[in-house]
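Have the structure open while you read.

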Amino acid sequence: MSDDMVDRTRKLEETTVSNSLHEEEEEEEERPVREKAEYEEEELHKLLVPDVSQLPPTPPSAVETNFVSYFAPDFMKPGNDQYVYRHANGLCVVGLASTHLAFKDKGGITAVDFNVGKSDRSSMKVTGKRKRNAQHFESNTALCKVCTGDDSYVVRCCVKGSLLEVNDRLIKQPELLNSSADREGYIAIIMPKPADWLKVKTSLLSLEEFKILRELC
Amino acid sequence: MSNDTEPAQVSSVAAESHAGDCDAEMQLLEGAVRPLPYHVVKELLSVGVCARCVLRLFGIEEHIYCHSSFSQSMLGSILEEETSFKSEVEFQFCSVCLGVLQFSYCDDGEETVVKKESAKDMALSIAELVKQEGHQIDGFSLEVSVPPLILENESSLLSHMKKKYESEPWFQERLLLSKCHSVKDVLKFAITKPLETLLGVKASASSFRIRLTYTHKRASKKVQNSVERNQECKRRKTGTENALHNVNDESVIADKDCSGYSTIETNSVTGIFSNGVQDQETSEHFESPIEKVSEPCHLVYVCCRTHIYLCGRYLKYSRNVSQTRWIIDEERMGEASVEEIIGSNILPICQGDNYKFHAAGREDIDVRMLGSGRPFLLEIQNARQVPSELIVKEMESKINGLENKLVGVKNLKVVGSQGWALMHEGEAEKQKQYCALVWISRPLEDEDMQTISLLNDMKILQRTPIRVLHRRSPLEREKIIHWMKIERIAGSSQYFLLHLCTQAGTYIKEFVHGDLGRTQPSVGSILGCRAEILQLDVTDVKMDCFVTE
């Protein structure tokens, strides 16, 4: 890395030297095209390289930046901790919080089945900008069943709204829940109506409140 | 003493020669009228057809009776004298052209009836409007539209004449129906020369349009209800102003443009009335003479320039400037927009009414547009002045010299309507180059740089990103990452610059952080760790258009 810096400074020095030489000999307009292109590249590059001193050691994650996190502790059943990430555009991503009982079982989660209730949630096809064919679910509607070696747990919507998508990757890769339940292991994406969101929001906890409750600080 | 008389002499000489011209014209006219069948001319005059209509129906060359200073009375009296016709009334609106060729109309603004003496007088009011608007022109194109009623009248009259005079020898000779000149052509012919003189430019295929729109309260007799309703709508639109409104400096994109003053589509209607099947019907209707009208047409005349386009490439140096004006709940997002910065600096120089901004693709508000810039088109409506090359260069310098340095412009120039096609040509295929500031959850290894640079034309599958899923269809889109290159950043082991070139339409941010696994593969999945993107810049929009020659 320091080599790079040396290289770059040397390059800069070279161009400054040749620049001043050229200024003595010819005018700006007559500078050869190739040199102009190189000059522009240099200028562009200067804009691209960040000031390292301003960079945080660990930046906020995409989820932290783009969503507001809410939590539903013991949803419908003790130990059933779920999260709801809400995007500024109103969409909600729901999933299992790290404190969910399922993660305490030996071996973690082994299977995920979306065939619950009246239909297989992974089979629905939502189309178009208007999200036609999306099923409207209540907050206690079952989304899927999550199985561990010992037990199985029902995961519910938490938010009343239209089901846009379920994470069907979980069918083939249930281990995603064990490794990253808070990201790639999300369960589903739901679109609530503004009024419905306002209602459910009151029953959810913020990240801070949830941490305190579960003594995670 | 001598000083007083000299000018008088000069002007009288001029008057004499002018009179001399008129005399020559009059003789030509008399000569043209003489061979006409007088009994037919008399009949036409008696049913209220005006002099010019009579002459044009017989196919007489316009230059004979369209001399710009020929007044109504002059023409009328010549015809009447030749054919010894005695008219009962002083003046009445022509039953065919409804006053159009008598340069009479109802002024739209004041609802008063205006009767111009000659074509020259009519041209004068039009020229005044052009001057008032402050247009700088090097030519003009004249457009006229007349109500279908006129064509119906004409058609009725012609079929009646055909029926009545078919057998007569002169009819065979003159082939009446095909030789007659349309009202539009005659009017245009009459006003064009004086307009050229008054405006000092030639009539040509110009972007500057002068439009005369005639409408009549009485919609045509035969047209169905729906077309009538249509007419009324269009009349409402055309009956707004004589001149286009002045631009408000603050205003941006309003929906008004010249085409709002749409001419009445006579084409589709006249189709019905062309020779043939309809003749029977129409001549039956015309047993009695065509109804005389008591009111002339409404006239709205406007002048405007068709859109001019300025093209170029823009750069966006700020991460707080949106491409287009973005307002949510009355609050502006970002501190400015590329569209407004460019538009508001160019519009006043062109003295246009409005502008519309179009670009080849777009970038997020927090993404800078650097390098060669992104092609854009700025459409200026009704520009009073088409900027010269020099002025365009000044515009470019002005924008690039703005204090806040939020936006830059390159290769700005005026372009014709082909600019559209140029810009959108193969848009979906064009590649874009980016530079992303990436962080990964572990230190960067040399191996990683190898891995990344070896991936060429890699296919990825992107589900519609969550951040746009609320307004876009949930789809899985295959995109191509053409190449990637990692550039280490001095002083950091986990931050680096990722240069990449991708297919148009690729969501770069999602390709880096994976969008909860909905974009596969992603930078994170390729490197086997978590990856986050902090900043994104567009460094090249690989399109050939709008570059310096």
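"Buried" here means under 20% relative accessible area and "exposed" means over 50%, with partly exposed in between (1.4 Å probe, protein chains only). Keep in mind that this is a predicted model: local features need pLDDT of at least 70, side-chain atom pairs count only at pLDDT 80 or more, and totals for chains, interfaces and linings use all residues. Residues are numbered from 1 along each chain as its sequence is written, chains are lettered from A and ligands numbered from 1 in the order in which they are written, and side-chain values use heavy atoms, leaving out hydrogens and water.

**Helix 15 of chain B**
- Helices (H or I, at least four residues) and strands (E, at least two) are DSSP runs, numbered from the N terminus.
- In helix 15 of chain B, the buried residues are B:Val392, B:Met395, B:Glu396 and B:Ile399.
- Looking down the axis of helix 15, these buried residues fall within an arc of 95 degrees (taken from the directions from the axis to the C-beta atoms), so they line one face.
- The face turned away from that buried side carries exposed B:Leu390 and B:Lys393.

**Ring pairs**
- Rings of Phe, Tyr and Trp (its six-membered ring) pair if their centres lie within 6.5 Å; planes under 30 degrees apart are stacked, over 60 edge-to-face, and the rest tilted.
- That rule gives 7 aromatic pairs over all chains.
- A:Tyr70 and A:Trp197 have ring centres 5.2 Å apart and planes at 70 degrees, so they sit edge-to-face.
- This pair links distant parts of the chain, 127 residues apart.
- A:Tyr83 and A:Tyr85 are stacked, because their centres are 4.1 Å apart and their planes at 15 degrees.
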